Amino acid sequence: MTIRVLIADDQMMVREGFSVLLNAMPGIEVVGEAVNGREAVDRVRELAPDVVLMDIRMPELNGIEATREIVAADGAAKVLVLTTFDLDEYVYQALRAGASGFLLKDASARQLADGVRIVASGEALLAPTVTKRLITEFSRLSEAPRLMSSAHAAYGDLTERETEVLVLIAQGLSNSEIAGRLVVAESTIKTHVSRILVKLGLRDRTQAAVFAYEARLVTPG
């Protein structure tokens with residue numbers, strides 16, 4: 001199946017450059033572009049892409065708010081945030097808004113294509129170790145305490161093993177690494193991850209990692 005991509009960025013050179021790179025990759029097709037967050041929301045509704053490459057700083061509606069609207073309205077399109085710096089506080093906010101991952105704007109063509117494929121498949125961010133650093137750095141945001149009580153209540157529905165798996169997800173481990181750590185089959189871990197997402201009402205591993213930090217299951221630092 002071809003992965004349909006929408007590129008949202010207010011810089012024409014970025015849009016055109018990414019479009020050329022992605023269209024040259026097998027199994028990926030750029031189906032549209034947007035110059036701001038508001039247009040991105042409208043284009044997702046119109047074109048139903050699988051993945052949205054979303055710049056954070058855009059006029060009219062920024063990438064964070066656009067991501068929140070897309071996730072709330074669609075539920076199918078995955079948002080891959082574009083950023084210049086890997087420790088950008090807005091990236092963390094975008095993850096909390098529902099983005100499935102982030103990618104640096106200076107990524108190579110292969111990294112760009114791999115990132116699109118990973119997010120389209122329902123996996124987490126392109127670089128789990130950087131994700132962990134981001135979450136650790138910015139989980140101290142003032143919004144986190146407000147979510148803590150509800151987070152604690154929600155994770156109370158998880159089994160002991162599911163909670164253990166959730167903590168390992170937040171530490172940046174892949175399914176195979178978690179399976180090795182817990183000495184179980186990788187298929188068993190995949191089942192645990194699916195149940196965790198359903199019970200917590202989360203879209204993917206990225207949001208599961210954010211949840212674990214905000215619920216203080218994993219301590220920043």
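Which exposed residues does the face of α9 turned away from its buried side carry? I will come back to that in a moment. This is a predicted model, so please take everything that follows as a description of a prediction.

Helix α9, then. It covers residues 175–182, and its buried residues are Asn175, Ile178, Ala179 and Leu182. Looking down the axis of α9, those buried residues sit within an arc of 100°, so they line one face of the helix. Now the opening question: the face of α9 turned away from the buried side carries Gly180 and Arg181, both exposed. As for partners, the buried residues of α9 pack against α8, at 160–170, against α10, at 186–200, and against α11, at 205–214. Just after α9 comes valine 183, with a positive phi of about 55°.

On to α10. This helix has 15 residues, and the distance from its first C-alpha to its last is 21 Å, close to the 21 Å expected at 1.5 Å a residue. Its buried residues are Ile189, His192, Val193, Ile196, Leu197 and Leu200. Viewed down the axis of α10, they fall within an arc of 135°, so here too the buried residues line one face of the helix. After α10 comes glycine 201, and its phi is positive as well, near 70°.

One more position in this part of the chain is valine 218, in the segment after α11. Is valine 218 buried or exposed? Its relative accessibility is 8%, and the cut-off for buried is under 20%, so valine 218 counts as buried. Apart from neighbours within four places in sequence, valine 218 is in contact with Val167, Ala170, Ala212 and Tyr213. Take alanine 170 from that list: 48 residues separate it from valine 218 in sequence, while the C-alpha to C-alpha distance is 7.2 Å.

Now the sheet. It is open, with five strands in the order β2-β1-β3-β4-β5, and the pairing is parallel. At the edges are β2, residues 28–34, and β5, residues 101–104, each pairing on one side only. On average, and ignoring direction, neighbouring strands of this sheet are turned by 25° against each other.

Inside that order, strand β3, residues 51–55, runs parallel to β4, residues 78–83, and five bridges join the two. Valine 52 is opposite valine 79 of β4. Two helices to mention here. Helix α1, residues 12–23, packs on the sheet and touches β1, at 3–8, along with β2, β3 and β4; its direction makes about 165° with that of β2. Helix α2, residues 37–47, also packs on the sheet, touching β1, β2 and β3, and its direction makes about 135° with that of β2.

Last, aspartate 55, which is located in strand β3. UniProt, in an unreviewed entry, places the feature "modified residue: 4-aspartylphosphate" at Asp55. That annotation comes from the record. What does the model give for the relative accessible area of aspartate 55? The value is 6%, so aspartate 55 is buried. With neighbours within four places in sequence left aside, which residues is aspartate 55 in contact with? They are Ala8, Asp9, Asp10, Gly63, Leu82 and Lys105.

That is what I have.

Methods:
Residues numbered from 1 in each chain as written. Predicted model: local features only at pLDDT ≥ 70, side-chain atom pairs only at ≥ 80, totals over all residues. Heavy atoms only, no water. Buried < 20%, exposed > 50% of the residue type's maximum accessible area, 1.4 Å probe, protein only. Helix = DSSP H or I, 4+ residues; strand = E, 2+ residues; numbered from the N terminus. Arc of directions from axis to C-beta. Contact = heavy atoms within 4.5 Å. Expected span 1.5 Å × (residues − 1). Pairing = 2+ DSSP bridges. Axes fitted to C-alpha atoms, helices over the stretch in contact; angles between N-to-C directions. UniProt positions renumbered as here; feature names shortened; annotations may be inferred.
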